[in-house]
Every structure is written in structure tokens, then in C-alpha cells.
Amino acid sequence: MNKNEILRKIPQVDEILKNEKLSDIVKLTPHDFLVSCIREVLIDVRADILNGVANDIDKDNIIEKLKEKVSKKSKRSLKKIINATGTVLHTNLGRSILSKKSADAIIDTALNYTNLEYDLKSGNRGNRQSHIEKILTDITGAEAAMVVNNNAAATILVLAALASKKEVIISRGELIEIGDSFRLPDVMGESTAILHEIGSTNKTKLNDYVDAINDETAVLLKAHTSNYKIVGFTEQVDLPALVKLGEKYNLPVVYDMGNGLMVDLNDYGIDEPTVRSLVKENADVVLFSGDKLLGGPQAGIIVGKAKFIGKMRKHPLARAFRVDKFTLAALNATLFEYYDEKRALESIPVLNMITISKEKLKEKAEKIKKLLVDNIKDVSGFEIGIEKVKDQVGGGTAPDVYLDGFAVTIYNKDVAAEKIERKMRAADVPIIVRVAHDKIYLDVRTIQDEDIELLVSEIKSII
Ligand SMILES: *Cc1c(COP(=O)(O)O)cnc(C)c1O
């Protein structure tokens, strides 16, 4: 048979739809989706014939391929993965994971009507911000608080409300760029505030601020250099000094803090101020993300003096940036844990992963190693080991902090680690790992206890 004859034998879409072996799938799958899968399979069939890979039509094989495609493409694109990188706040992997309680709060809010904007006491319209303001002010010591979609939105809202068409003074050493296109100068531009840069990259003095203040000045902005450190011959003005200057000239001091740390982590090697300490130093407004060291859902949280927060609430952008009910529910549940800091270190997964003891990490590594050895002892050539590693907090926080951790390593002199890594990435629940020295590193800090069995069974089937 020549190629043209075979091509002519390719079944039509309708014919395939009538195939008995597909009757279940036809019932359960949306029609247009199924047709698009069939077309894709037929394109592959045609290509195989033209390339000489196939020299006849195998209808059963077409049905099998179609079933596989339907099953694969019906899965959600956004799905669970196992993070074996050891980076706790991995921006590409969704930053913070939530506690069970926070996740339950989202489900409860999703499945039911809620009092989102309904005041149960008076029976009148309520305010969605009311659900988190009390708890935020309790925990941070601030007068007032509000929440928007993320810290980028918070930055725009704060500057639009306090400094529209006015000047905002900021040190050149703090013109940060964070991760995926948060460039402070660009974000500020969107707020219609006018950027007034002062000092140099490595040095800015109090007098630079004094010299820059003029009739158009509306805000003194300080940004935490979250994801980099300037070392050596450096000088920046600290928050208390800036607050003093702000008081003298009657200008609000806004601090873009970023990480949202609520518990002092100095004992764990993380030398960062907490939100509460910044409020105590009298910053007028402090803004931060919900899904970094706070360990909650994506959000931009603004705390500070009531007269400034009030202006933000009334600004039209507050409506554009307003958070959804799921965020509020999860944030509320996360924040509640901070009424007891010790409890927060245990119950908030991000903090738990950062502060977990070396001994516990080692135990986890040994458990995973043993399970792997038991499960693949019949497969020759694989060497499973445990190595000390340095983990990062990630998410654009604490760039110079390396936490002591452990990784389970997988090595096979006959199989390239890259090949195993690729298969792990393609697994049903993808496993994201590091490869170094031709070994797979399963960094145990970020592997959840509930996922250990799954991890082992997936690796077993890959190997
Ligand atoms: C992370 C960060 C941002 C951006 O926050 P998103 O919540 O990702 O929008 C802004 N400023 C600082 C200082 C940050 O660390």
C-alpha cells in the first residue's frame, strides 16, 4: 500500500465517535472537547504515516491513544506538585502553602453564602474589610488595616491615595525589583506619584532627604531590599530617623516591607524586622505580602495610622484591587494563629518548615531513604544517600540566609540524573528536584510528611 492509500483509510471523526469502545467516554466527556482530542490524535496518525513510522491504520491503537489524550487533557493544568527543592517560598511553585485550617476556611466560604458584606448585627450592608481589620490591628499593634490583592497593588494604592501628582522621596539604594516584574519605579509611575530619587546606590544620608523635601513632597518612602544586600561601603537612613524627619516636616513615612514577618526569627538565623516592630517604630504605613513569611494566601496588607488608611479605603483603586472572599477567609484563619506565636511556628506551614530542627529533618531524610532503599533494592545500580545541604527561604526574602538541611540523593552511574529528573517532572504528581554532581537531590525540608509515601511510590515506578 502506498502512503496515499493508507491516508485515505484514516477514519472520520464521526466514525470514531460511534466506536463502541468509546461509548463511556462519549457519555462523560464534553462533545466539543472530545472532537478536538480526536482531531489531535488524527493529526499524529497522519504524521506517522507520512514519516513512514506507520504503514497501516490500527483502529484499536487510535482508540487507545485517544483515551490517553482525553485522560491527560482532562486533568487540571494547575495542579499539586511535590516541592523537593528545599526552597520554602518558591515563587514559581506558588509561594506559601496554607495550613489545613486556612484551606478549610476557603472551602467553607466557597460552598456557602457568607456575610461577606452584610452586617449581621444591624441587618445592613457591611464592609468586607471588617473581617480582618480587628485581627490585623491586634496582631501588629497598628491603628487601622486593610487588604488588597498583592503588595504591588498595595504600593500603587498607598501612593495614589497619599501622593497623586506629588513627589515621593526614595533612596536610590532602595529602588527594588522583585521577582516577576515588580519594579518599584514602574509601579510608582502607575500610581501617578512622582518619583524623587536621592543619594546613590550604596549611600544615602539623612541630609539627602532634607535637601530633597520641597512644597511638592507628599511621602517619604522606604523599601526593604528584600531580595538583595548591598555590602561594603554603604549607608541608608533607618526607619526611626526617617520617622523623626517625617514628623518634623509633617510628611507620612511609608515602609514597603515585603515579607510580612510576624514572629521574630532571629533565633533561626533570619535577621529581619517584624511588622509589629516597624509599627512600634512609628512608621505611618507598612505594607507587605500575605504569601511570603506571613504564610497566608496571596494578598497585599496595609497597616498604619487610621487617617491614612481611611484615604486609601475611599480611593477608587481600592475597589479595583479589592480581595476576594477566599483570600479573606484564608487570611483570617492564618492570622488567628498569631495570637499565640509559639503555636504559629508549629501550625503555619511556612514557619514550620523554616524553624524545624535539624534532628527532625535528618529523621525525615532517613525515613525517605529507608523507604526508597526498601522499594528499589531489586533495581541494580541505584545508590541512595543522605547529604547535608543549604536551603533558602526564597520568595525574595532573606537572600543571604542559608538554612542547614538534608537531602536524600539518588545516583546511578549508568543513568543520567537529568533523565530521572525529567521523568520525575512528568509524573502524575510531578516531583520538582535539584540536580547536581549528576545526582538527584530530594531536599526534605519542603517535602510534606503526607506526601512521603506518594513520593516513594512515584519514584519506584519511574525507576
Ligand atoms: C515581594 C515584594 C513586593 C511584591 O509583592 P507581591 O505581593 O508579590 O506583589 C513588593 N515589595 C517588596 C519589598 C517585596 O519584598
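Helices (H or I, at least four residues) and strands (E, at least two) are DSSP runs, numbered from the N terminus. The structure is a predicted model, in which local features need pLDDT of at least 70, side-chain atom pairs count only at pLDDT 80 or more, and totals for chains, interfaces and linings use all residues. Residues are numbered from 1 along each chain as its sequence is written, and side-chain values use heavy atoms, with hydrogens and water left out.

**Stop 1: helix H18**

Select residues 358-376, which form helix H18, and show the side chains of Lys370 and Asp374; these two lie 4 residues apart, about one turn of the helix. They meet in a salt bridge at 3.0 Å, N to O. The term salt bridge is used here for a side-chain nitrogen of Lys or Arg within 4 Å of a carboxyl oxygen of Asp or Glu. Side chains of opposite charge can pair when their charged atoms come close. Lys370 is exposed, with a relative accessible area of 54%, while Asp374 is partly exposed at 36%. For these words, buried means under 20% relative accessible area, exposed over 50%, and partly exposed in between (1.4 Å probe, protein chains only).

**Stop 2**

Select Asp284 and Lys305, whose side chains form a salt bridge of 3.0 Å, N to O. Which parts does this pair tie together? Asp284 sits in the loop between helix H12 (275-280) and strand S11 (285-289), and Lys305 in the loop between strand S12 (300-304) and helix H13 (306-314), so the pair ties together parts that are 21 residues apart in sequence. Asp284 is buried, at 11% relative accessible area; Lys305 is partly exposed, at 21%.

**Stop 3**

Move to Arg434 and Asp443, where the salt bridge spans 4.0 Å, N to O. Arg434 is partly exposed, with a relative accessible area of 32%, whereas Asp443 is buried at 1%. Across the whole structure, a search finds 29 salt bridges.

**Stop 4: Asn151**

Finish at Asn151 in helix H8 (residues 151-163). Is its side chain's residue buried or exposed? Asn151 is buried, with a relative accessible area of 7%. Not counting residues up to four places away in sequence, Asn151 touches several residues, among them Phe182, Leu287, Phe288 and Gly300. Contact here means heavy atoms within 4.5 Å.
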